[in-house]
Structures are given as structure tokens and as C-alpha cells.
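Q: I would like to learn how to read a few features of a structure. Could we go through them one at a time?

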Amino acid sequence: MRQRATAVERLRDELLAELLDGTYSSGVKLPNEDELAERSGVSRATVREAVGGLVEAGYLTRRHGSGTYVAGTLPRRHALDMSVSYLAMIREAGMEPGLVILDQSEHEASEEEAKALRLNPGDGLLRVERTRTADGRPVVYSVDRLALSHIAESGKQLDASLYNLLAKNGHGVRGASARLKPVVADQRLADLLEVEPGTPLLRVDQVDFDGDGHPVMLSAEWHVADAFELHVNRRAAHGGADDGS
């Protein structure tokens with residue numbers, strides 16, 4: 001079973017949400033480590049690591065001898081160790097986000113889907129097929145599957161964010177496991193994303209987990225390769241590691 005989110009992950013997600021909702025606007029100085037530690041009830045080391053992850057992802061910048069500031073222009077790159085609304089990411093990148101729901105239907109979970117979501121084969125799923133746009137250009141096509149038991153009746157009236165929908169039903173996403181694979185667009189993907197057949201795409205297969213470590217959403221996404229930079233934060237193994245350079 002997946003472990004609960006760490007204190008670093010919780011603080012980082014909290015700070016990121018504040019950056020995206022405008023609590024801290026571009027150019028504003030972030031409270032210092034002591035203030036953030038006291039506010040959140042964590043250690044300075046936890047604050048340092050959480051803030052460091054946001055600096056690496058391009059959301060914050062450090063000025064020597066001055067402090068940490070919100071980036072002047074929030075990045076078009078998406079840190080893969082963070083679960084972020086694509087609509088919010090597109091908006092904060094300075095582009096107009098759009099969402100098109102191509103299909104919304106209910107079906108019985110296959111053995112593969114049931115295994116990934118820890119359900120029984122045949123349990124009800126909501127399947128949502130969407131494209132997201134940036135300034136009118138399709139940049140992400142996705143197919144998401146959620147257990148009907150996790151979203152109750154509100155699943156019939158989709159929120160722009162499935163993360164918000166899950167949160168409203170007591171299953172807020174706290175983490176995810178993703179697998180990336182480079183692919184090329186077949187004719188259907190080319191039509192959906194308005195690219196030429198054979199265009200490089202990045203496929204992301206992801207399972208999202210709630211705060212109790214239960215899988216709550218299974219997703220397959222196809223990203224237009226030049227739309228966003230997907231950024232990975234890496235940590236050294238405990239006890240040191242061989243030089244992999």
C-alpha cells in the first residue's frame with residue numbers, strides 16, 4: 001500500500017495551491033523559513049525541502065541575501081512529483097485554458113481497471129474523455145476512469161477539475177504514480193490534437209491516490225511534446241549513491 005503523503009509533500013502542495021490561487025502573486029517575497037515552519041507546524045528542514053522543490057520546478061526563485069520570491073512568470077513546465085490541475089497550469093503560464101468533454105459514460109470495470117483501482121471486476125466506473133487547450137490549441141488528450149462509489153451522484157455533473165470532484169466527495173488526491181512513454185500520433189490522436197500523424201507525443205499513464213493511499217483515478221494522457229516541459233525532481237538515495245553521470 002502507498003504511504004501517506006509526507007510532511008514535505010503536504011507543505012509543498014499547500015504552497016503550490018497558494019501560488020496558483022493568487023495568495024502569493026508574481027514577484028512577492030515568500031515568508032521566511034521560520035514563519036512558514038511556525039505556520040504549518042513543521043521543521044525548518046521540511047520547509048527548506050518543500051520550497052526547494054518549488055524552486056527547482058520554476059515556481060519560486062531565490063535571491064542571495066534577500067529571500068525567496070514568486071517567479072515573475074510562472075512556468076510552462078510541470079513537475080511530475082506534483083499533482084496539479086492542467087487548467088490552472090495553463091492559466092498560470094499566461095495562456096487561456098480550455099476544456100472540451102468529448103465523452104462521459106459509465107461502464108463496468110475490466111480486470112485491469114479493477115486491479116489498478118482495487119475494485120472488483122464489474123464495479124461501476126465513470127469514464128471521461130477530454131481535451132485541454134491552451135489559447136485554443138489542443139495540448140492534452142486524456143481518458144480518466146473513476147469509481148462511481150467514490151463520486152456519488154455529483155459525478156453526473158462534472159466539475160472542470162476531476163481533482164475537485166474527488167475532493168468534494170472526500171477523496172482528495174494527495175499523490176500519484178505515473179509512467180511516461182514516448183509515442184507518435186496515429187490518425188485518431190492526430191485529429192484530436194490537431195497535429196500531423198507521426199508527430200511525437202508523450203503518453204502518461206497515471207494512478208492518483210487519496211490521503212489514505214487508496215487509488216481513486218486511473219488516467220491515460222497524451223501530451224503534445226512541445227506544449228509543456230515535464231520536469232522531474234530527483235533525490236539522492238539514503239546513504240549515498242554511485243555517481244551516475
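A: Start with aromatic pairs. Rings of Phe, Tyr and Trp pair if their centres lie within 6.5 Å. Keep in mind that this is a predicted model.

Q: How many aromatic pairs does the rule give here?
A: A pair of aromatic rings is described by the distance of the centres and the angle of the planes. In this model the count comes to one aromatic pair.

Q: Which charged end sits over the ring of Y69?
A: The idea is that a charge sits over a ring if NZ of Lys or CZ of Arg is within 6 Å of the ring centre and within 35 degrees of the ring normal. Here the residue is R63, with its charged end 3.8 Å from the centre of the Y69 ring.

Q: How do strand 1 and strand 2 pair?
A: Strands of a sheet pair through backbone hydrogen bonds, either parallel or antiparallel. Strand 1 covers residues 60-63 and strand 2 covers residues 67-70; four bridges join them in the antiparallel sense. Within this pairing, L60 stands opposite V70 of strand 2. The two strands form a hairpin with three residues between them. In the turn, G65 has a positive phi of about 80°.

Q: In what order do the six strands of the open sheet run?
A: Read across the sheet, the order is 4-5-6-9-8-7, and the pairing is antiparallel. Strand 4 (97-108) and strand 7 are the edge strands, each pairing on one side only. From one strand to the next, the twist averages 15°.

Q: How many bridges join strand 7 to strand 8?
A: Eleven bridges link these two antiparallel strands.

Q: What is the volume of the second largest pocket, and which residues lie nearest its centre?
A: Rolling a probe the size of a water molecule over the atoms shows where empty space is left. The second largest pocket has a volume of about 370 Å³. Its lining has 16 residues, and E112, R179, D205, V207 and L218 lie nearest the centre.

Q: Which elements supply the lining of the second largest pocket?
A: Helix 5 (111-117), strand 7 (173-184), strand 8 (200-210) and strand 9 (215-224) each supply at least two residues. Strand 8 gives the largest share, five residues. By residue class, the lining divides into six nonpolar, four polar and six charged.

How values were computed
Residues numbered from 1 in each chain as written. Predicted model: local features only at pLDDT ≥ 70, side-chain atom pairs only at ≥ 80, totals over all residues. Heavy atoms only, no water. 1 Å grid on protein atoms, 1.4 Å probe; cavity = no way out; pocket = protein on both sides within 12 Å on 5 of 7 lines; lining within 4 Å. Points joined across faces, edges and corners; volume = space filled by probe spheres on them. Nonpolar A, V, L, I, M, F, W, Y, C, P; charged D, E, K, R; others polar. Phe/Tyr/Trp six-rings, centres within 6.5 Å; stacked < 30°, edge-to-face > 60°. Pairing = 2+ DSSP bridges. Axes fitted to C-alpha atoms, helices over the stretch in contact; angles between N-to-C directions.
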